[in-house]
Amino acid sequence: MQTILAIETSTELASAALLRDGHVITRESAGVQTHSLAILPMVQELLAEAGISLAQCDALAFGVGPGSFTGVRTACGIVQGLAFGADLPVLPVVTLAAMAQACRDLNGAGEVLAVLDARMGEVYWAQYRFAANAWQVVVEPVLSAPSQVAPLPVLGGVLQACGNGLAAYPEAFAAAPYAAAGLPAVMPNARQVAQLGSVALAQGGGLSAVDAQPLYLRNKVALTTAERAAKVNT
């Protein structure tokens, strides 16, 4: 059985998880400003609870993004450091895919639209379908205005929407048929990062630490004063 250590720091909630012998144990810490300080103690707690060392893990998984610029850099940097020291492969997991898996864990959803607040009047979103016992990407991760979220028709069943983007821009999603039963509280978590990392490892998806890079969809991470003023006036 695989032993996967996972961390996720792309949003205000930092989390760490250890998947071992089919069971997952987790730790969480809220507050984006504390992620770089909180994640390593959580990792140490998980390893101590399991009674293993880092070197006894098979791989390290992390939320690669999209998400907070600082958060995804934090996760990538920490995983790279741990992986170098323990000579372990790294498993990047897209945060929106982790949200899709969280929906499936919650209610068995097989058609998922993940919408994450990207701030600055935008959202990250992607659409996933669970078929043949695996997730398929229907729409690749996109950065857009909330009004431009346009999922493709589902093959069967109901499209389950999730993520805090739904709550951040309620007026943009008010008329969307999927919004009424949306799950805005479903967010990226290390539990699902560990699960999807395990699948990736079984398929030979491990990378060397040096090849692990954050997934950025936004080239600019801040607006100038003039740009902020222009947004207010439009």
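Predicted model: local features only at pLDDT ≥ 70, side-chain atom pairs only at ≥ 80, totals over all residues.
A disulfide is a covalent bond between the sulfur atoms of two cysteines. A search of the whole structure finds zero disulfides.

**Cysteines**
- Cys57 is buried, since its relative accessible area is 4%.
- For Cys103, the closest cysteine sulfur belongs to Cys162, at 3.4 Å.
- That distance is too far for a bond, because a disulfide requires two cysteine sulfur atoms within 2.5 Å.
- Cys103 has a relative accessibility of 0% and therefore counts as buried.

**Glu111 and its surroundings**
- Glu111 belongs to strand β6, which covers residues 111–119.
- With a relative accessibility of 6%, Glu111 counts as buried.
- The side chain of Glu111 makes a polar contact of 2.7 Å with the side chain of Arg129.
- Leaving aside residues up to four places away in sequence, Glu111 touches several residues, including Tyr128, Arg129, Val154, Leu155 and Gln160.

**The protein as a whole**
- The protein contains seven helices and nine strands.
- Along the principal axes, the C-alpha atoms fill a box of roughly 55 × 45 × 25 Å.
- Of the 234 residues, 47% count as buried.
- Among contacts with a separation of 6 or more, 64% are between residues 24 or more positions apart.
- The protein exposes about 10800 Å², of which carbon and sulfur atoms supply 56%.

How values were computed
Residues numbered from 1 in each chain as written. Heavy atoms only, no water. Buried < 20%, exposed > 50% of the residue type's maximum accessible area, 1.4 Å probe, protein only. Helix = DSSP H or I, 4+ residues; strand = E, 2+ residues; numbered from the N terminus. Polar contact = N/O pair within 3.5 Å; in protein donor to acceptor, adjacent residues only side chain to side chain. Contact = heavy atoms within 4.5 Å. Areas by Shrake-Rupley, 256 points an atom, 1.4 Å probe, with all protein chains shown as cover.
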